Amino acid sequence: MPKALFVEIEAKSGSEAETVDFLKAALDTARNEPDTRDWYALRFDDRNFAIFDTFDGQLGRLKHMAGEIGRSLVFKSFTSLNGLPDMSSSEIVAAKLANGTTQAKLALYVPIETRLGQGRDFGEFLVAAKALADAEAGTLAWYALRIGPNSFAIVDFFGDEAARDAHLQGKIAAGLGEQVGRYLDAMPEIRKAEVLASKQSGWESLASAEKQMHPEQPVRIGPERV
């Protein structure tokens, strides 16, 4: 099954510009990693950043983590970052992939915790939500991630503020609200981000990934095997 990483990064006070420069420069490295399918550098606010990237499988993800960007992040945790980055590994359970014709400028990150034992049913809700994301012309890319049995996230990308606002007022956001009291205890936090740099290579028409993510196929929601 296709994999993903979401790596949260906090810059030390006074190192914000250095962190921005590092993330923008890291794009060249990501472009030279054939197993790294999509790579996004995000900025939430002055000091909080993230990297989101996708892979065909576990091997590609491990190679990336052990590569130049991963090693540089560890080194910078001693100099310009406020400790080691917070890294979340996940499986992609559904995705609308970028077609590369419009550059992503804005993003949303939505971490989600379900009620105990409700992960499978909520995962199926996310798979069904892909059709809604496909229908949103302004949503350039949309990823539903499973981090653990009851932990999920949505990461999505937009070309402008109007498209992001339309998504936030659309059917997926409304559907999430309807899950409160059913699968969720509260509405998830929705975090807005700016896209600093991106590699949107796609998956060669999902040749390897689409079979894993097709809505008509059973969804496996359980502990990840690596």
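# Briefing on a predicted protein model

Arginine 61 sits in helix α2, which covers residues 58-65; helices (H or I, at least four residues) and strands (E, at least two) are DSSP runs, numbered from the N terminus. The structure is a predicted model, in which local features need pLDDT of at least 70 and side-chain atom pairs count only at pLDDT 80 or more, while totals for chains, interfaces and linings use all residues. Residues are numbered from 1 along each chain as its sequence is written, and side-chain values use heavy atoms, with hydrogens and water left out.

**Overall figures**

- The protein contains seven helices and eight strands.
- Of its 226 residues, 54% are buried; buried means under 20% relative accessible area, exposed over 50%, and partly exposed in between (1.4 Å probe, protein chains only).
- The accessible surface comes to about 10,600 Å², and carbon and sulfur atoms account for 50% of that surface. Areas come from the Shrake-Rupley method with a 1.4 Å probe, and for residues only the protein chains shown count as cover.
- Among contacts between residues at least 6 apart in sequence, 80% join residues at least 24 apart; contact means heavy atoms within 4.5 Å.

**Confidence**

- The average pLDDT is 89, and 89% of the residues score at least 70; pLDDT is the predictor's confidence in each residue, from 0 to 100.
- Over residues 205-226 the pLDDT stays under 50, and the model has 38 contacts beyond four places in sequence for this stretch.
- Where pLDDT is low, the predicted coordinates should not be read in detail.

- Arginine 61 counts as buried, at 2% relative accessibility.
- Its side chain reaches the backbone oxygen of serine 90 at 2.9 Å. This is a polar contact, a pair of N or O atoms within 3.5 Å; within protein, one must be able to donate a hydrogen and the other to accept it, and residues adjacent in sequence count only if both atoms are side-chain atoms.
- Leu62, Met65 and Met87 form a nonpolar surface patch with about 250 Å² of accessible area together. Patches are made of residues with over 30% relative accessible area and no salt bridge, where like charges are joined within 9 Å and nonpolar side chains (Val, Leu, Ile, Met, Phe, Trp, Tyr) within 5 Å.
- Methionine 87 belongs to strand β4 (residues 86-96) and is partly exposed, with a relative accessible area of 39%.

**The β2-β3 loop**

- Aspartate 45 lies in the loop between β2 (36-43) and β3 (48-55) and is partly exposed, with a relative accessible area of 39%.
- The side chain of aspartate 45 reaches two backbone nitrogens: that of arginine 47 at 3.1 Å and that of asparagine 48 at 2.9 Å.
- The C-alpha atoms of aspartate 45 and alanine 193 are 7.5 Å apart, although 148 residues separate the two along the chain.

**Glutamate 33**

- Glutamate 33 is placed in the loop between α1 (16-31) and β2 and counts as buried at 14% relative accessibility.
- Leaving aside neighbours within four places in sequence, glutamate 33 is in contact with His64 and Lys199.
- Its C-alpha atom is 9.0 Å from that of lysine 63, which is 30 residues away along the chain.

**Salt bridges**

- The structure holds eleven salt bridges, each a side-chain nitrogen of Lys or Arg within 4 Å of a carboxyl oxygen of Asp or Glu.
- Arginine 47 pairs with glutamate 10, the closest N and O atoms being 3.5 Å apart. Arginine 47 is in the loop between β2 and β3 and glutamate 10 in strand β1 (residues 3-10), so this pair ties together parts 37 residues apart in sequence.
- Arginine 47 is partly exposed at 29% relative accessibility, and glutamate 10 is partly exposed at 31%.
- Glutamate 91 pairs with arginine 146, with closest N and O atoms 2.4 Å apart. Because glutamate 91 lies in strand β4 and arginine 146 in strand β6 (residues 139-148), the pair ties together parts 55 residues apart in sequence.
- Glutamate 91 is buried at 1% relative accessibility, and arginine 146 is buried at 1%.
- Aspartate 134 and lysine 130 meet in a salt bridge at 2.7 Å, N to O. The two are four residues apart in helix α4 (residues 119-134) and are therefore separated by about one helical turn.
- Aspartate 134 is partly exposed, with a relative accessible area of 38%, whereas lysine 130 counts as buried at 17% relative accessibility.
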